[in-house]
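Welcome, and please load the model in your viewer.

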Amino acid sequence: MKANNATLAHVWDKNEYYRSKLEEAGFTEPKIESLEQLASVPLLKKDVIRGDKQKVLCVDPKEIGQVHLTSGTSGKPIYTSYTLADQYIYDILPKYLEIFKESGEDVAAIALPYEFALPGLGFQRLFQFAFRTAVLSLGKGGYMAPVDKSLELMKEYQATVLATTPSYAALLVEESEKYGIKIGDDIRLKKIWLTGEGCSSTFRDRLEKWWGCEVSFFYGSTECGGVSVECSEHKGYHVMEGHVKVEIIDPVSEKPLPYGKTGEIIVTTLLREGMPMVRYRTVDIGYLQKARCVCGNTMDVLQLRGRKENMCN
Ligand SMILES: [Zn+2]
């Protein structure tokens, strides 16, 4: 709750739009007394920030360290500005980092888009800054990132970790044969992180078999950054509670829903300076559970039931 209030205070002080919305909702100061009261903070819709780079910007434009954008499905992009500090928050999220087993001994191949959107650079920063992992910035197909060169680099530098999308993880396997690279022999991974498009558990099983390693999911977006991550139990995504507050609402009534009830996923970014998202409507669908995970992690578990937009086109 402290982090929620710090976020409210920041957007109240630094952003006209957020402040006027809070005032319209009856707030005379940027403060909630209980987490239930968070429901009275106005929701933020994608349409409000689409095509508008200033609307929810909470710093002087000179403070911006990195801009990302998502094209989405309907026209104008959503611009997201991060300060430099926003990109180094991993240090203060111990419980979330416990889920990752990566270290300085690993070599992580990142086969995600580096252009415009967050995924490629986001994973790169996480691996480099949080775990001191060596990174191979492969990108994801296309003219500058051909599959054969990507596979070759993974082989040459003995990649142990791969971060990519489900379909690209499958494509790399399919293409490997053509280039005479043997998965499990020339390239021996111990872990694959998948993000972007959804993927059935059958498809995950297939990828685990093909690559001969564990495959886990990571849920996030360019606007909100990392939101939740799957532990090795594969029973849902632990919410990165030090970094985001996740709520579930009924998308029609906009009322909060309790644990176990499926609805729209609402994300409030905490500790974000540049462009905090306050009660952002992700349009993704899911439900929350209290963590009773044998992995020992106490962060709530998010079950994803559908993504409306694909962030890794
Ligand atoms: Zn767990």
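## First stop: a lysine on the outside

Select Lys182, which counts as exposed because its relative accessibility is 53% (exposed means over 50% relative accessible area, buried under 20%, and partly exposed in between, with a 1.4 Å probe and protein chains only). Lys182 sits in the loop between α7 and β6. Helices here are DSSP runs of H or I with at least four residues, strands are runs of E with at least two, and both are numbered from the N terminus.

Before moving on, a word on the model. It is a predicted one, in which local features need pLDDT of at least 70 and side-chain atom pairs count only at pLDDT 80 or more, while totals for chains, interfaces and linings use all residues. Residues are numbered from 1 along each chain as its sequence is written, and side-chain values use heavy atoms, with hydrogens and water left out.

## Second stop: helix α7 and its partner

In α7, color the buried residues: Pro166, Tyr168, Ala169, Ala170, Leu172, Val173, Glu175 and Ser176. What do the buried residues of α7 pack against? They pack against α6 (147-156), β5 (161-164), β6 and α8, where contact means heavy atoms within 4.5 Å.

Next, show helix α8 (residues 201-211) together with α7. Two packed helices are described by the angle between their axes and the distance between the axes. The axes of α7 and α8 come within 10 Å and cross at roughly 35°; axes are lines fitted to C-alpha atoms, for helices over the stretch in contact, and angles run from 0 to 180 degrees between N-to-C directions. The crossing of α7 and α8 is left-handed, meaning that the near helix is turned anticlockwise from the far one by less than a right angle (clockwise would be right-handed).

Show side chains at this contact: Pro166, Ala169, Ala170, Leu172 and Val173 from α7 meet Phe203, Leu207, Trp210 and Trp211 from α8. The residues of this contact divide into nine nonpolar, no polar and no charged. In that count, Ala, Val, Leu, Ile, Met, Phe, Trp, Tyr, Cys and Pro are nonpolar, Asp, Glu, Lys and Arg are charged, and the others, Gly among them, are polar.

Select Phe127, Trp193 and Trp211, the residues that touch the most other members of the largest nonpolar core, which has 81 residues. Such a core is a set of buried Ala, Val, Leu, Ile, Met, Phe, Trp, Tyr and Cys residues joined through side-chain atoms within 4.5 Å. Helix α7 (residues 166-178) supplies the largest share of this core, five residues. In soluble globular proteins, nonpolar side chains tend to be buried together.

Beyond its neighbours within four places in sequence, they include Glu102, Ala108, Ile110, Val161 and Trp193.

Which residues form one aromatic cluster? Select Phe100, Phe123, Phe127, Phe131, Trp193 and Phe218. The structure holds nine aromatic pairs; rings of Phe, Tyr and Trp (its six-membered ring) pair if their centres lie within 6.5 Å, and planes under 30 degrees apart count as stacked, over 60 as edge-to-face and the rest as tilted.

Zoom in on Phe100 and Trp193, a tilted pair with 4.6 Å from centre to centre and 40° between the planes. Phe100 comes from the loop between α4 (94-97) and β3 (107-110), and Trp193 from strand β6 (residues 191-194), 93 residues apart. Both Phe100 and Trp193 are buried.

Then turn to Phe123 and Phe218, whose ring centres are 4.8 Å apart with planes at 55°, so this pair is tilted too. Phe123 belongs to helix α5 (residues 119-131) and Phe218 to strand β7 (residues 214-221), so the pair ties together parts 95 residues apart in sequence. Phe123 is buried at 4% relative accessibility, and Phe218 is buried at 12%.

## Last stop: a loop residue

Finish at Arg132, in the loop between α5 and β4 (134-137). Arg132 is a residue other than glycine with a positive phi, near 60°, and it is exposed, with a relative accessible area of 64%.
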